[in-house]
Each structure stands twice: as structure tokens, then as C-alpha cells.
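I opened this model to look up a few points and kept short notes as I went. The entries run from the whole chain down to single residues.

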Amino acid sequence: MEQQATAPPDIVKLVQWLRSSSSGIKTKTGILNGSRLDYFKGKAAVKAIMSPAYAKLKGAPPQPKTEEEANALLLSAIPFAFFLRVERGPPSGSSSSSPKQLQIVQQQTFQPDLYFAWFYQGSQWTTYLGGALMVALILGGVMFPLWPPIMRLGAYYLSLAFFGLIGLFMALSVFRLFFYIITIFVASPGIWIFPKLFADVGFVESFIPAWDWDLPPKKKGKKKKLGSDKKSKREPKSQNGSAESSSDALAAGISTAIPVSSTRSRIAEVADEGND
């Protein structure tokens, strides 16, 4: 765009950093006029430029101290059309997880709770490099019969090694499943070999630890709630117990008071007879 070419160097530096992965801004994909675009929420950009990572950036505008200053700084980049305010619409497809439709808003402003679409693609050298590498691989595959015999033999062994690794991984997956089923009956609750094999971790972390028990995660909140329920159940019992003990004592007092009063009345009658 023409507006992007007229942007000051410090604004360009700011936008390049926001568009890179080092800023940590999470983006989603939307559809604008049939084209896919990445968009983000304003508060993510505010959080990024107020982080310590932005303070170390050289050639960019000074780091804002308040959210109002951060909003003003990001607002100053909107006239150069690196990103523009958009409104989200319904999903573009039949599924609810389809990219949402985007529409550019005429009144451009910046607020943390608004959405903004990227119209700046960043550095394209990685795209060009990937395209050149893809073309080279296609040409190399097409010209495979013209390769020297030693290169074709090396490619053959590499393919065998690749398919061997895939087969080994599948065999390991089946073996750990059977081993887990057996240990459910032999050593309950069961043992998983390489429990992080399919977890979203690195290659080395996928094989650490070598085995682990299949224990359910602990629920701390539920335990506290059960403790409070038991305590509340015990309190009415103690109150009922005290009420019963007090009623028993009152009944005992009444029962002991009745014989004493009857004895006194009998003594009075005998005294009256003696006087007569």
C-alpha cells in the first residue's frame, strides 16, 4: 500500500516487531472480501508494547508507561494502514469453527476491546526462500533418472531409513497400547511406556519419562468442598444432641421434683391429724 511506504522508520520498526512472533500477539484467521487475513485484538498489542521485550527494541518509539499512552501510540500507526479496525461477522462456512467474516469499519480508532486486521505481511524473504526450495525439490524429483548412480543409491537408503523410522514409531505405539492393557490387570491402574509420546512437547521430551503410572489428576477444589460439606453435616447433629440432652435433664428434674412435693404434702396431713 502507498500509505505504508510513507510511514516513519520508528513506526515501521514498531509494526515489524508486532507482526513478528517475538511480540507474542495471538492472531486468528478471518475472511475479508474472499481473502484470508490475520486479525488480533487490541489488548494483545497493548500488552505486547508494555512488555519488557519491547523496552529492549531499538529504533522504535519509546515504551509507553500507561495504557492510555499505548493506545495513542498504536492509534498513530493506523493512518499508514499496516492494520485497520474490523468487525467480526458470522462464520464463513457451515461449521462454527470456520474463519469469521471481517468487515472494515469506516471510523478508524484504537481501543483494547476492538479487533484489527493485518494488511502488512512483514518480511517476505522466507516466503521467497521456501518457494525456491520447493521448485528445486520438484525439479530434482523430475530429473531423478539423470542423477549419478551414487546419488540414486543414497536416496534409496535415505528412503528406507525414513520408512523404517515411521514403521518403528507405529510398532512402538501398538506395543505400548498392548502393554498398558496387560498392566491394567497385572499392575493396576496400569503403566504407560513413554506417557508423553503423543503430547505437545519437543522430540526429546516425548521420551521422558520412560514409563509412568496411569494415575488420574488430583482435584484439590473438590476435596476442600467435601470437607466443608462434612463439617456442615456435623453441626446440626451436635445441636440436636445438645437439645436432646437439655430435654432429658429437664424431664429428670421434673420426675425428681414430683416425689419430693408429694412427700411434703403427706407430712403436712400427718401433722394436722396429730393436732386434732
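Entry 1, the chain. I began with contacts, meaning heavy atoms within 4.5 Å. Among the contacts in the protein chain with a separation of 6 or more, 53% are between residues 24 or more positions apart. The model is predicted, so I kept to its rules: local features need pLDDT of at least 70, side-chain atom pairs count only at pLDDT 80 or more, and totals for chains, interfaces and linings use all residues. Residues are numbered from 1 along each chain as its sequence is written, and side-chain values use heavy atoms, with hydrogens and water left out.

I noted eight helices and seven strands in the protein chain. Helices (H or I, at least four residues) and strands (E, at least two) are DSSP runs, numbered from the N terminus. Of the 276 residues, 22% count as buried. Buried means under 20% relative accessible area, exposed over 50%, and partly exposed in between, with a 1.4 Å probe and protein chains only.

Which residues of α3 are buried? I found G42, A45, V46, A48 and I49. They sit on the same side of α3, because they cover an arc of only 160° around the axis; the arc is that of the directions from the helix axis to the C-beta atoms. K43 and K47, on the other side of α3, are exposed. The buried residues of α3 pack against α2 (9–19), β2 (35–41), α4 (52–55), α5 (67–75) and β5 (115–118).

I located S98 in the loop between β3 (83–91) and β4 (100–104).

P216 is in the loop between β7 (211–213) and α8 (220–275). P216 counts as exposed because its relative accessibility is 64%. I also looked up P189, 27 residues from P216 along the chain; their C-alpha atoms are separated by 9.5 Å.
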